[in-house]
Amino acid sequence: MDGGTDGRRITLYGKDDFAGVRAAGRLAAETLDMITEHVKPGVTTGHLDKLCHEYIVDHDSTPAPLNYRGYPKSVCISINHVVCHGIPGERRLIEGDILNIDVTVILDGWFGDSSRMYVAGQPGTRARVLMDVTYESLMRGIAAIKPGRTLGDVGHAIQSYVESQRFSVVRDFCGHGIGRRFHEAPNVLHFGRPGEGAVLRPGMFFTVEPMVNAGRPEVKVLDDGWTAVTRDRSLSAQFEHMVGVTEDGCEIFTMSPAGYTKPPYV
Ligand code: MF3
Ligand code: CO
Ligand code: CO
């Protein structure tokens, strides 16, 4: 069996490849750092997209989403009950909105992909708890990454924690291999059973990007073909890191140089 990779081989990147993808991951993280102070009530998501686009281009890089399978903007911005792939536009942020901004850059042929949650003003209590649980689930998943362990171990670490907090894990979207391409093997499911799925090996590069709903896990995609929302209109949150498996664990390529992890960023 192929360990849940749909028959696709998982690329094992070499020692020298870590430097390339590390630079791309850092630029994605720096873009997320840059946008932080601009997220406030009254600003449009289109303006945030424009600021990210200009920052990425100014750093000799390309925003990977732009024109990717027809996607029309440079980043994804997903507000409140939007799960992922929200398209920036005229929507103005209002007090208490929670939003995910997802940045993917291409730098010297390497992809760097990361996302974080932000708040316009102050979040409600449930929104704050949802973001905290989602961030903690990401870090628990990453803590399970080690040669010899499996993707099922990673998914299980995320799912068991999220469900213990009475939230739900989205099944319809997953993390992915990344490196010289935007999306490659393996699919990184955010649920699973210990010991199942592909065995982790040094040199594997992939994202972990759990989407967690306050209510039921089901999602639907709107008529624009991109925007995924919770079917029950409950709040949803997501954080994403890109990692490389090392000899004794993993390296996170998208840590914030500013030290920003989860809201509040002060
Ligand atoms: N950055 C997203 C991910 O984490 C993918 C966005 S694809 C787009 O995989 F086309 F919507 F931008
Ligand atoms: Co991703
Ligand atoms: Co992403």
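## Overall fold

The chain comprises four helices and 15 strands, these being DSSP runs numbered from the N terminus (helices H or I, at least four residues; strands E, at least two). This is a predicted model, in which local features need pLDDT of at least 70 and side-chain atom pairs count only at pLDDT 80 or more, while totals for chains, interfaces and linings use all residues. Residues are numbered from 1 along each chain as its sequence is written, chains are lettered from A and ligands numbered from 1 in the order in which they are written, and side-chain values use heavy atoms, with hydrogens and water left out.

The C-alpha atoms fill a box of roughly 50 × 45 × 35 Å along the principal axes. Of the 266 residues, 55% count as buried, that is, under 20% relative accessible area with a 1.4 Å probe, protein chains only.

## Cobalt site

His176 lies in strand E7 (residues 175-177), whereas Glu209, 33 residues apart from it, occupies the loop between strand E9 (205-208) and strand E10 (211-213). Both His176 and Glu209 are buried.

Asp113 also bridges to the cobalt ion (ligand 3), the two ions lying 3.3 Å apart.

Notes:
Donors = N, O, S within 2.8 Å, 3.2 Å for Na, K, Ca; no water. Buried < 20%, exposed > 50% of the residue type's maximum accessible area, 1.4 Å probe, protein only.
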